[in-house]
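Dear colleague,

I am passing on the structure below, and my notes on the sheet and the domains follow it.

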There are 2 protein chains.
Amino acid sequence: MTKAPSTADTLADTVQVLAFDIFGTVVDWHGSIVREMQTQHPSVDGDAFARALRAGYQPAMARVMAGEQGWTLIDDLHRGILEEILPRFGLAHLSEAERHHLNRVWHRLDAWADSVEGLQRLKTRFTITTLSNGNIGLLTNMAKRAGLPWDCVLSAEVFKAYKPAPATYLGVAKVFDLAPQQVALVAAHHDDLAAARACGLRTVYIERPLEFGAQHIKDVTPQPGNDLHCANLVALAQALGC
Amino acid sequence: MTKAPSTADTLADTVQVLAFDIFGTVVDWHGSIVREMQTQHPSVDGDAFARALRAGYQPAMARVMAGEQGWTLIDDLHRGILEEILPRFGLAHLSEAERHHLNRVWHRLDAWADSVEGLQRLKTRFTITTLSNGNIGLLTNMAKRAGLPWDCVLSAEVFKAYKPAPATYLGVAKVFDLAPQQVALVAAHHDDLAAARACGLRTVYIERPLEFGAQHIKDVTPQPGNDLHCANLVALAQALGC
């Protein structure tokens, strides 16, 4: 499902850089964590565990952005959340090495089935970069394992600010010496897209109804304001003539 | 020409990330600028022009690192140097658009003939990243044009310090949560390698006798201290079993 070709054509003519949200948009964090738990810790409810891990993410970033703690990489925020929820899931006995390994599950997330093909096609015409709150090392390890062909790995770590801070969206435009409207944010989250739009970026919504798993289908009804609304990254490539 | 296999084997077993110097090591700045001048401004002595542009580079970075001016992207330092030398080469008449375009020649540098194949092979076994004083946008545009398959684009811009500041070399290790000896710097410049070695990184010297052009052959005699000394990036891939 895409908007009228004219919008896609305008976008394809104006935009030079596509910046991608990662967790949920390009990779399937929920399914990947569920699979990891099934293999490594089968007694745990993987769905509940994945959602509990993810639920700690926004509050942890908010504490950093409020100045309650200094700049912190997502790897370290993830570790703090993990420590908090382990006892609740009967995993208080895990060793330091096991905790470290489990925390790195975020480096081992699988791509959605369409992501690699979609990105390869989009890369032929646009500069494709990450724009994630995940740290550079995490994003690079993930890309190498999943085959995500980024031209560039941009992260909150580069701008020392998490999305939705304007410094992140405007930071991408500045890195490439472009006007904000020459950059499009591609994301499966309306709040991320709204913040990018407020900075002058173009926006593309990607439907990921299964982001929270098959038991918690996400409403992906189109919302006004986005330049494009696509089912997935292959559909986006097609809409943009790649 | 490589050291004994045992050194290469040790390196291949220890190192996870290869960080590459760019200007001179991976791309041929002198030859590319000479070719650009031959096409665009044939009346100018391209060899002298290229060397004059490059000669302004270290002093400009030194002024930033000494605190005489705030953090500045290489694109802007390059522009300052360009402005300074244009009259000397009879190019004072260039328009703003022409100056901007000429300054972006650094985004359009050609790779040495072995670079793409060498990097592709090295990428199968190591994480390969830039570690350049060039800014992220410059490095990304260059890579896209020249087909350099980086896993990650690290730059002085990320660390807000230019090489040879320790923050750059140690910054790579920190980004990937590795010990310094798990990172190797690959460069055609002994001062860069010495600074990396002082931070605990492994080092690989690449011979680029033509870095300053065929009229100014560079001495590439092996110097002590480097873990490997290779003729080019394909030779490095071979030495490391890729």
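**Sheet and domains**

In E5(A), A:Ala187 has A:Tyr205 as its bridge partner. This is a predicted model, in which local features need pLDDT of at least 70 and side-chain atom pairs count only at pLDDT 80 or more, while totals for chains, interfaces and linings use all residues. Residues are numbered from 1 along each chain as its sequence is written, and chains are lettered from A and ligands numbered from 1 in the order in which they are written.

Strand E4 (residues 183–187) of chain A is joined by 4 bridges to strand E5 (residues 202–206) of chain A, and the two run parallel; strands (E, at least two residues) and helices (H or I, at least four) are DSSP runs numbered from the N terminus, and two strands pair if DSSP finds at least two bridges between them. Helix H11 (residues 190–198) of chain A packs on the sheet, where it touches E4 and E5 of chain A, contact meaning that the C-beta atoms of two residues, placed from the backbone, lie within 7 Å.

The open sheet of chain A has 6 strands in the order E3-E2-E1-E4-E5-E6, with parallel pairing. Strand E3 (152–155) and strand E6 (228–230) of chain A stand at the edges with a single partner strand each, so one side of each is left without a neighbour in the sheet.

Chain A is divided into domain 1 (5–28 + 110–239) and domain 2 (30–107), with bounds that come from an automatic or database domain assignment. The contact takes 17 residues from domain 1 of chain A and 15 residues from domain 2 of chain A.

Note on methods: Axes are lines fitted to C-alpha atoms, for helices over the stretch in contact, and angles run from 0 to 180 degrees between N-to-C directions.
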